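Here's a quick briefing to go with the model you're about to see.

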Amino acid sequence: MSRNWLTSAATAAATAMAALLIGLGSVQAADGKLVVGFSQIGSESGWRAAETKTAKAEAQKRGIDLKISDAQQKQENQIKAVRSFVAQGVDAIFIAPVVATGWDAVLKEAKEAKIPVVLLDRQIDTKDQSLYMTAVTSDTVHEGRVAGEWLAKQTGGTCAVVELQGTVGSSPAINRKKGFDEVVAKTPGMKIIRTQSGDFTRAKGKEVMESFIKAEDGGKRICAVYAHNDDMAVGAIQAIREAGLKPGKDILVVSIDGVPDIFKAMAEGEANATVELTPNMAGPAYDVLVAFKKDGKAPPKWIKTESALFTPDTAKAEYERRKDAY
Amino acid sequence: MTLPLPGPAPGLLRALPQYGALAAVLLANWLLFPDFFSIRLQDGRLFGSLIDVLNRGAPVALLAIGMTMVIATRGIDLSVGAVMAIAGAVAATMTQAGWGLPAVLAASLGAGLLCGLWNGLLVALLRIQPIIATLILMVAGRGVAQLITEGQIVTFVSPGLAAIGSGSFLTVPMPVVITAALLAVTALLVRATALGLMIEAVGVNRLSSAGAGVNTPVVLVAVYVWCGLCAAVAGLIVTADIRGADVNNAGLWLELDAILAVVIGGTSLLGGRFGLLLSVVGAAIIQAMNTGILLSGFKPEFNLIVKAAVLLAVLLLQSPALTLLLPRPKGARPPLGPPLGPPLGPAKRESGSVKP
Amino acid sequence: MTPYSPQPSAPLLAIRGLSKAFLGVQALDGVDFTLRHGEIHALLGENGAGKSTLIKTLTGVYRRDAGTVALEGREIAPRGVEEAQRLHIGTVYQEVNLLPNLSVAENLFLGRQPMRFGFVDRGAMRRRARAVLSGFGLSVDVTAPLGRFSVATQQIVAIARAVDMSAKALILDEPTASLDAQEVAVLFGVLRALKGRGIGIVFVTHFLDQVYAVCDRITVLRNGRLVGERRTEDLPRLDLVAMMLGRELEAAAHRIAADPAADTQAGTDARPPLVRFRGFGKARSVEPFDLDIRPGEVVGLAGLLGSGRTETVRLVFGMDRADRGEAAVDGRTLRLRGPREAIRLGFGFCPEDRKKEGIVGELSVRENIVLALQARQGWLRPIPRRRQEEIADRFIRLLDIRTPDAERPIQLLSGGNQQKALLARWLATEPRLLILDEPTRGIDVGAHAEIIRLIERLCADGMALLVVSSELEEIVAYSRRVVVLRDRRHVAELRGGEVTVDRIVSAIASEPVPAGPEGAPA
């Protein structure tokens, strides 16, 4: 892989130099601004909308000219967008791929045009790693680990946890479980007493939590609930409350994503921690792109975003900061 | 509660597979989880796993009530899940915008009626096949709901609206009360009037019914409108329950559960005889199974397989081949005696008689 | 063209002793049929005569039980329409068996497209399609989808395809059933041209006028047996109808009065009519007709299969919407918009296809009986269960419907009892005009007699009846007046003493009067 990458990086670098020397590039902004084309999946969730907003804001901050194309959940639209970016001769292409496969052909076109490609938020399946420069995504295993470590520390290493999994078989569900399980394995007093799928939704999260509470002696045996996303946690909080228990106190609530509603719950004392899946995927991508354009420095193949943990003490401020971005 | 049931007093015997299956599933739950039947009061509200079954089963039961009548006319309504999302989106968005509860309820239920009217007109007047006609709204409806909420989960603070999902009436959870009320109203509407007869007649033979003077378009539009209303009520409950309209997930795939509940309840997809109460029992069977799986502690990977296996068993109990082994109610005895001549075979649509 | 030389004396197609039985019913019983080169040969018969069985057995769709088929002296045994086509026998059905969304040219050459370099040569296909169709006097855009053209054009394309695939014998199964007069004329032009080229044509139809207009020879089947084969010019219409209906008729009763004014009895009934139709009709269904029905009167509708009997009563009940003429009930002109309106006016209708349009199979006898009454009352005024049971039990007794109880699903009853339950449905509405389409079709002998007695009793009670039946004796037995139809036209009205089987048969066989028969506009 590295060999492959070196060659392509070398060619890419050479071309970038050449391009600078000859001064071509039809859309190259007159003032020398970098032009980035971003094929976004769509706006199916608040997080996705926040990702787009942040990408714009971060571009503005750096004086980058960002062109966004909304694919409306269709790969064919993304492929069209990439082709059009190639035809325009942009400096770099960002893709938030809607599916993992079927990218080789269009990425080859971008490679032939010597345009670096950065994947945002999701990886793709390809044999030829040289087709993209780098991928900026969160480390979902690490997210689970951060949540687990916080809970272990908070409870002094003794806690009976119920787990609300994401959709069965989805990769964030698998990985967030894996990271959390690692912590459980090395913490003797911590164990997962029940685990079920809540399909990443509020309604299912609530329903599953209701049954957990009944199955564990009215919730008395539950120390904490770990939810693979905030939405399920919000549902679980309601279930805890309706069972006559105090969420955040009688049962601790820890989850992942960092959507505004969980900050609201934390500010009200009903949730205890969330691990943020940052919507700022574009920021790190711009940074490596600028560095690459400047001195041809090839970034690592995978740039992991930070998995920051937030707790109630900052919740109110964080909620105010986020409520308009989502 | 005794409800007027269709046909010649079918009694418990005809409904044996449904009640038997419900009892079996509840029993299995009790074996897996001994506290299954224990009920206590929690903040003036009944609390227990059995209550969960009724409470969580309410949305599918509501859908099944409307779906039963649509299926009785030999139709199907795939759009109910999407209509739930629309009704929820309307309710949450309007509440957030500061409208009062009566206006919110009226608008939300009105949206459901409108969706039903759309389906009904496509089926009755344009004569589009129901599965296609309602597929349009199934696909477009969720999009409409996303437009209303701008793709986000719209949360609201409104004790009145929230009470529809998590409040209680005389200690019974509100969704259960609403479902029982709607079941009673629907049963009254179809059995205390001649609507039930006409629905069944249209479902068995639309041509014959029209020839006998039944206003088939009106009957068809009516059942789809009622189905839309039931879906809107279900959507309100789901939205009120989580205090937010999650349009991407609200009612997702619930149309299939509703159809399944109706089929478990013994109403044929070929139309004709229908039983509202049995459809609700079908919904209860499905939910009892879901709750049982959650309580059992099986790995979630087994959920769908367990569910499928139980459903297969229930449907097998109803299969014509197996019912031959069971005692029969009076109306379905095989023909006796010589003066009747040969019966007209089981194949309803076969008409190739050879003239002498 | 053919690898063998036909025996000059051999007929084009010789069928001998063809037999076919279905489930013990002999649908074809030792039938002979001969088709010669260059003739148009009508194959006629009433319902159940065996026409379609003959065609399907001949082309191998059904396997024959016995008999031989020889084409130009050589025995053949095709195993389906396609193989028959390869053996030079082309078949064109009433519902054109082509693909409406493909182009005319593609339809013509489907399965045998001209190829070049392994691809369909579209240019050649279009050129050849134009050439073939111009031979049939048809010049259309061959690249347009076939479905865009009239049924007549589609028929001609189907015929052209069959002929172009080297058909020597062409079988046309009711090709004119949905054509108007002008389209029929065009089609006949094509048939005559083909005949001139030595092609033999088997022409199945219900329209006697068309038989006499274009056919050289007629073969009549009845109940699966051959009745006879005649040259058209040797077979007077009356004899033809007698052959089809299976009656011996004295030659005396030939022509009937075509002018109703000549009927002295016309003025005897001074009572105002209950219903009155003037110039009532529907394009491609029934020619405009006049019809009066008075209270307490039984009017029979007689005619061959496909003569427009059923179409007439469906228009009267509003099942089909008339597109011309006017209707009046109790002297008030109105539009018959559908069955619901007809029922409101006091009409009832037992359709010919009992299973498809009459009974509601899964519902009980009781529910079937009260259905029309309930529908008329509206859903908000339900008939109480007790009252329903009274009504059902009363009619079960009155009409002697054999069922263990009123709750039995009607589909489990025998045909005759279903028919009686349908009668009960309408009697429960106390109709003023009851329309019965083939009330005794497919019913065993005992029930048959009962239904006839019932009809007689009903008319005695003052109800008006309009009855369609293929059983002429039946019609004669209970009808006070009989309207005779031929080729979708009301051709005669017989009353009082004129109502005899012979007179009906004569009317069916009457020559078309150039000035237009009774009721038809000039």
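## Charged pairs and cysteines

Arg273(B) has 18% relative accessibility, so this residue counts as buried (buried means under 20% relative accessible area, exposed over 50%, and partly exposed in between, using a 1.4 Å probe and protein chains only). Keep in mind that this is a predicted model, where local features need pLDDT of at least 70, side-chain atom pairs count only at pLDDT 80 or more, and totals for chains, interfaces and linings use all residues. Residues are numbered from 1 along each chain as its sequence is written, chains are lettered from A and ligands numbered from 1 in the order in which they are written, and side-chain values use heavy atoms, with hydrogens and water left out.

**A salt bridge between chains**

- Arg273(B) pairs up with Glu367(C) in a salt bridge, at 2.6 Å from N to O (a salt bridge is a side-chain nitrogen of Lys or Arg within 4 Å of a carboxyl oxygen of Asp or Glu).
- Glu367(C) sits in helix α12 (residues 365-377) of chain C, while Arg273(B) is in the loop between α12 (254-264) and α13 (276-296) of chain B, so this pair joins two chains.
- Helices (H or I, at least four residues) and strands (E, at least two) are DSSP runs, numbered from the N terminus.
- Glu367(C) is buried as well, because its relative accessibility is 6%.

**Salt bridges within a chain**

- How far apart are the closest N and O atoms of Glu318(A) and Arg321(A)? They're 2.9 Å apart, and the two residues form a salt bridge.
- Both of these residues belong to helix α11 (residues 315-322) of chain A, and they're three residues apart, about one turn of the helix.
- Glu318(A) is buried because its relative accessibility is 13%, whereas Arg321(A) is exposed because its value is 57%.
- Over in chain C, the side chains of Glu438(C) and Arg309(C) make a salt bridge at 3.5 Å, N to O.
- Glu438(C) is in the loop between β19 (433-437) and α15 (445-460), and Arg309(C) is in helix α9 (residues 309-317), so the pair ties together parts of chain C that are 129 residues apart in sequence.
- Glu438(C) and Arg309(C) are both buried.

**The wider count**

- Salt bridges with shared partners join Lys206(A), Glu210(A), Glu242(A), Arg56(B), Asp241(B) and Arg243(B) into one network.
- Over all chains, the count is 63 salt bridges.

**Cysteines**

- There's one disulfide over all chains (a disulfide is a pair of cysteine sulfur atoms within 2.5 Å).
- Cys159(A) and Cys223(A) form a disulfide, with their sulfur atoms 1.9 Å apart.
- Their link is left-handed, with -100° about the S-S bond.
- Cys159(A) is in strand β6 (residues 159-165) of chain A and Cys223(A) is in the loop between α7 (202-215) and β8 (224-227), so the pair links distant parts of the chain, 64 residues apart.
- Cys159(A) is buried, with a relative accessible area of 3%, but Cys223(A) is partly exposed at 21%.
- Cys227(B) is in no disulfide, and the nearest cysteine sulfur, from Cys230(B), is 6.4 Å away.
- Cys227(B) is buried because its relative accessibility is 1%.

**What the record says about chain B**

- An unreviewed UniProt entry gives the annotation "transmembrane region" to stretches of chain B including residues 78-99 and 105-126; UniProt positions are given in the numbering used here, feature names are shortened, and annotations may be inferred rather than shown by experiment.
- Residues 78-99 of chain B are 77% helix and 0% strand, with the end C-alpha atoms 30 Å apart.
- Residues 105-126 of chain B are 91% helix and 0% strand, with the end C-alpha atoms 31 Å apart.
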